[in-house]
Amino acid sequence: MTNLNAVSFEEKMQIAAQMPQPRPEFLANLRMQLAAQPPYTTASRPRFEGILRRPAWVVSMIVALLLAAFFIIGPQRVWAAMRGLFGYIPGVGIVDQSAPIRVLAEPVSVTRDEITLTVTSATLAGDRTDIHYRVFGVPGSAYPAQEDASGCSQSEYLRLADGTQLTRMNNGFPPVPAEVNEAVFVVPCIVNTLSGSVPENWELPLRFVPAPPDLTVMPVIELSPSPQATLPTSVENSSDTPGTPAPESAITVTEEIETSDGYILMGEFHPQAQSGGRVQQIGSLEIRDASGKKVNYTYPPDILTEQDRWAVQFPATGLVYPLTMSLSTIEVHPAEPAASTELMFDAGPSPQPGQEWFFNQEFQLAGHTLTLVSIEVRSQNGYSFLFGAVPQVYGVGVQISGYTAVGSGGSIGAAKNELTVSLSYEQLPTGMLTVVVSDLLLSSDPVSWQGQWSPATPRSDLPDVPTPQPGVCLTIDSVTQLDPLPAELSQGTALVYEQIDGTGPWGLVLYNLDSSQEQVVTTAGNWGALSPDGSQAAYSGLSNEIHVVDLALQADKVLPGAGGFNLRWSPDGQQIAYIGSGNDTINSVWTISTDGAQQPRQIAEWSYATIVGWSPDGTQLYFAVPFTGGSAWNVYSFAVEAGITQELFTIENGTPKFLNPLLSPDGEWIAYRGRDNSSVYLVRPDGSDMHLLVENAGVVAMAWSRSGWLGLTLRPAQAEQPANVLLRPDTCETYLLPPALDGDLQGL
Amino acid sequence: MSINKPNKNTDEIPPDEDGELVRAAQKDPAAFQQLYDRWAVPIYQYFYARTGEAANAEDLTSQLFLSVYQALPRYQHRGTFAAWLFTIARNLSRDYYRKLGREAPLYQAQQLAADSDLPAEAAQREEIARLRRLIHSLPDREQELIRLRYVAGLTFAEMADVLKKRKDAVKKSLYRLQARLQGLLEQDHD
């Protein structure tokens with residue numbers, strides 16, 4: 001020990017932080033790869049890099065022609081000419097279209113060991129190659145059992161005939177040379193699977209052809225400089241003059257794209273620190289038109305935004321220009337001088353999850369008054385500390401002296417007057433504990449930043465008023481015009497997952513639809529489902545156990561042997577289908593009898609499935625299984641008596657996150673959430689008649705009523721308040737449910 | 001091939017070697033190799049520290065240098081090339097974890113470097129191993145301070161640029177963190 005003690009702690013840190021040297025052959029190979037890159041030119045464009053790969057004389061010619069054109073034909077027409085260089089392809093993103101665009105001749109699939117890998121599309125542009133592929137049938141056992149372990153992460157690549165490998169980069173693959181129309185797509189391993197668990201080294205031969213003439217490529221109009229960027233509107237103690245144009249310190253719009261119904265805008269946000277702290281954005285970008293109307297937008301998923309850049313897409317019908325974009329920031333900085341304080345508490349020899357100590361003890365830290373309100377034992381070997389604080393306190397560091405936390409977290413209350421800090425340990429500290437509070441972080445008052453934008457050229461192709469697609473019953477704009485639920489429809493009940501009384505624990509509450517009565521079903525469960533006759537509710541408890549509650553008697557029982565979520569009652573109320581896990585499967589389909597008399601039955605062995613529902617006669621159970629990659633799901637039916645599974649069709653446009661497919665009680669329609677995590681589609685159980693029902697209204701939860709109404713919970717990104725509505729798909733009748741139903745609909 | 005690793009942890013103002021290399025590379029793409037030689041190892045080791053796996057570190061290192069090569073003509077050198085490089089590295093790391101669909105784990109299965117100049121005695125190894133465990137138990141933002149300082153070898157000014165904080169604040173944070181770790185190490189030892 002003596003030797004090491006002679007070493008300074010700084011040196012110990014350096015030794016402890018030492019990392020292995022890279023392999024010399026790796027460094028040499030990468031060096032060669034860089035040397036083989038096409039030479040760039042210093043005549044660069046500010047934002048699009050694709051053109052940099054073109055020969056220098058081409059760039060020079062383009063710049064010279066643009067300059068000449070600017071003086072000869074004027075700026076508007078120069079912008080028009082610029083449009084030819086970069087284009088936006090929905091689903092692909094922004095590409096250099098100065099060379100002919102090519103696409104995949106036909107999808108290519110390879111199946112090995114019941115796992116199918118399919119390249120569904122490829123788009124080849126001058127600056128990059130975009131390839132979409134998906135995998136189906138990977139067993140759950142192929143993935144790491146622990147979150148902190150990771151499986152394979154080797155990159156896919158394209159192999160050309162001459163042996164060149166084009167490895168995936170941030171935004172697709174490098175461009176394929178114009179004269180090359182064939183390549184092999186190589187997937188060394190399926191992402192995140194454990195080595196040896198599934199087939200590896202997949203090779204799929206691809207063939208490329210010129211893009212069809214009807215391929216949608218929207219011109220990208222580059223704006224420079226951005227119009228009317230402004231300094232913040234509410235800066236205190238600033239030496240700058242508010243209102244002075246300062247493109248470096250505000251919201252700027254750098255590109256616009258005309259879409260079929262509006263625009264995509266891209267821009268930058270460079271808030272400057274006023275007092276030297278760390279600038280942190282609060283809330284999301286708000287856009288209003290010149291009449292003050294809020295512009296509802298989405299984030300185009302195929303446009304990558306780097307740090308300090310943003311991109312939004314919105315319909316433009318009826319908008320009045322200019323649009324004003326606003327963002328708010330705060331500055332966070334450590335309190336000075338640095339200080340710490342110690343608080344003692346006795347956790348006892350055996351603290352239990354849920355056990356709580358209340359102190360309401362005030363203390364001073366770096367000149368600020370905080371209150372330790374309470375300490376609670378969390379379920380995972382940890383403690384949660386609740387502090388009361390003044391609004392400018394942004395955070396504190398907490399440790400238990402003598403114990404090293406293996407995880408930590410924190411949150412700020414909505415009213416900014418309380419802070420929660422959670423610490424977890426390999427073993428829960430017990431007995432008399434010393435809590436060290438330090439590292440006080442303070443935040444400034446919010447600062448608002450603004451920028452403005454008007455279209456480069458007026459649009460004459462948009463209607464004066466919005467014209468929804470045929471079949472669409474609801475858009476976000478029409479929610480504000482909905483009538484409340486009429487009395488004749490207010491006889492039913494709704495099961496809602498909400499924060500009890502607005503501030504309590506989260507749980508399930510049964511409401512009368514007119515909100516005249518409410519009954520707390522549980523304060524410790526989620527994934528509620530009402531039985532067909534409405535007399536019982538099932539839910540998934542905190543440890544995944546499945547409960548059934550008799551609503552009249554308020555009697556709660558646990559179904560023995562079953563654990564899972566995504567519960568669906570059979571039409572006769574005798575069984576519940578659910579998603580549970582088995583020995584070799586993760587989140588697969590199971591059923592259990594509601595009297596608990598039979599053991600759970602595993603219906604399918606695919607992992608990460610979701611229940612769609614039971615046919616009206618109870619003979620078929622529908623479920624969906626996702627592809628890995630993309631947003632497609634295979635829909636299956638399972639004949640309960642015969643035990644036969646049949647593949648029905650593929651949902652291509654569903655969200656990969658929470659599809660929430662629901663079969664209507666009459667068995668005619670499956671409703672599911674769209675790829676944008678905001679819309680709802682309907683499709684028949686045979687895959688026919690798929691159409692949009694709710695367009696971008698922020699749908700987060702759904703439930704069918706027995707009489708054919710579809711309940712929807714709407715939580716649009718930019719809306720102040722969520723809303724619950726009832727919608728009748730065959731007539732488009734839609735009504736607002738009472739605001740007292742303040743949570744996610746889980747049953748009707 | 002010789003690898004010229006930048007001087008570690010000096011906060012004296014060094015000659016603007018990066019600036020000269022950047023200006024040379026912006027004029028002549030062949031000169032980019034010198035920037036690569038200078039920064040390849042620290043970048044690789046930073047990614048190794050983030051991901052804990054050589055294959056991932058190699059993949060991310062390749063991505064970074066190919067991206068930097070393409071972006072270099074647009075880069076405006078203001079004396080913070082390292083900050084620019086490691087800002088990109090941080091973004092790539094974030095994308096890496098986003099692609100995996102989860103956050104960066106607190107623990108990484110890092111092995112002691114095979115060619116480490118760690119003292120040979122078992123007790124010394126044990127103390128360094130305990131220090132490593134303490135580092136790995138830190139929140140990611142504190143681990144990042146250590147990665148940028150001791151793995152990447154950045155100056156406090158460069159760290160401040162990467163982390164978008166004041167230099168003094170970064171310095172204080174790291175010193176406080178060191179003091180805490182030292183206290184914990186001694187406490188642990190006692």
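Student: In chain B, what share of the contacts with a separation of 6 or more comes from residues 24 or more positions apart?
Tutor: In this predicted model, residues 24 or more positions apart account for 66% of the chain B contacts that have a separation of 6 or more.

Student: And how many helices and strands does chain B have?
Tutor: Chain B has 8 helices and 0 strands, and reading along its sequence gives the pattern α-α-α-α-α-α-α-α.

Student: What percentage of chain B is buried?
Tutor: Of the 190 residues in chain B, 37% are buried.

Student: Take helix α1 of chain B, then: which of its residues are buried?
Tutor: Helix α1 of chain B runs over residues 17–27, and its buried residues are B:Asp18, B:Leu21, B:Val22 and B:Ala25.

Student: Why do they line one face of the helix?
Tutor: Seen down the axis of α1(B), the buried residues fall within an arc of 100 degrees, so they line one face of that helix. In general, an α-helix has 3.6 residues a turn, so residues three or four places apart point the same way.

Student: Switching to chain A, what is the strand order in the open sheet of 5 strands?
Tutor: The order is β26-β46-β45-β44-β43, and the pairing in this chain A sheet is mixed.

Student: Which strands are at the edges?
Tutor: The edge strands of chain A are β26, at 474–475, and β43, at 662–663, each of which pairs on one side only.

Student: How does β26 pair with β46, parallel or antiparallel?
Tutor: In chain A, β26 and β46, the latter covering residues 691–695, pair in the parallel sense over 2 bridges, and A:Leu474 stands opposite A:Val694 in β46(A).

Methods:
Residues are numbered from 1 along each chain as its sequence is written. Chains are lettered from A and ligands numbered from 1 in the order in which they are written. This is a predicted model: local features need pLDDT of at least 70, side-chain atom pairs count only at pLDDT 80 or more; totals for chains, interfaces and linings use all residues. Two strands pair if DSSP finds at least two bridges between them. Helices (H or I, at least four residues) and strands (E, at least two) are DSSP runs, numbered from the N terminus. A residue is buried if 20 or more other C-beta atoms lie within 10 Å of its own, exposed if 12 or fewer, and partly exposed in between; C-beta atoms are placed from the backbone. The arc is that of the directions from the helix axis to the C-beta atoms. Two residues are in contact if their C-beta atoms, placed from the backbone, lie within 7 Å.
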